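Here are my notes on this one, in the order I'd go through them. Have the model open as you read.

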Amino acid sequence: MVPVAIFSFLVGAVLAWRFRVWILVPVSLLAAMAATLLALSHGEAFASTLSQAFLAGALTQFGYGFGLVGRHVLAVLRTPSASRSRTAAVALLYRQRPSR
């Protein structure tokens, strides 16, 4: 179950870079269904199967949140700091070279 959990988390993190939050509904359902089928095929108890399905769906959402945080941190690191001049900030906004 650990590889499924890691894969689910990473899928959520990758989806955060490209898609909006509505992608989590089908992906979480697919992850939960895959975990359920995997657990039932191994002959595990129903309660254990449900907990693994919930974990797979939740880890996809945690991965999505982690991806959003990572995207935000990179966006903040790319913005000009307060010590830079206003023309540098405007130049970055319009993707031009700053005039000196």
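1. Helices here are DSSP runs of H or I with at least four residues, strands are runs of E with at least two, and numbering goes from the N terminus. On that basis the elements run α-α-α-α from the N terminus on, with four helices and zero strands in the protein.

2. A word on the source before going further. This is a predicted model, where local features need pLDDT of at least 70 and side-chain atom pairs count only at pLDDT 80 or more, while totals for chains, interfaces and linings use all residues. Residues are numbered from 1 along each chain as its sequence is written, and side-chain values use heavy atoms, with hydrogens and water left out.

3. Overall numbers: buried residues (under 20% relative accessible area, 1.4 Å probe, protein chains only) make up 25% of the 100 residues. Taking contact as heavy atoms within 4.5 Å, residues 24 or more positions apart account for 65% of the contacts with a separation of 6 or more.

4. Have a look at how α2 (residues 24-41) and α3 (residues 46-78) pack: the angle is about 145 degrees and the axes are 8 Å apart. Axes are lines fitted to C-alpha atoms, for helices over the stretch in contact, and angles run from 0 to 180 degrees between N-to-C directions. On the α2 side, the residues that meet α3 include Leu24, Val27, Ala31 and Ala35; their partners in α3 include Ala53, Ala56, Gly57 and Tyr64. By class, this contact has ten nonpolar, seven polar and no charged residues. (Ala, Val, Leu, Ile, Met, Phe, Trp, Tyr, Cys and Pro count as nonpolar, Asp, Glu, Lys and Arg as charged, and the others, Gly among them, as polar.)

5. Which residues does Tyr64 contact, leaving aside its neighbours within four places in sequence? They are Gly12, Ala13, Leu15, Ala16, Phe19, Arg20, Val21, Ile23 and Leu24. The C-alpha atoms of Tyr64 and Leu10 are separated by 8.2 Å, although the two residues are 54 residues apart along the chain.

Methods
Buried means under 20% relative accessible area, exposed over 50%, partly exposed in between (1.4 Å probe, protein chains only).
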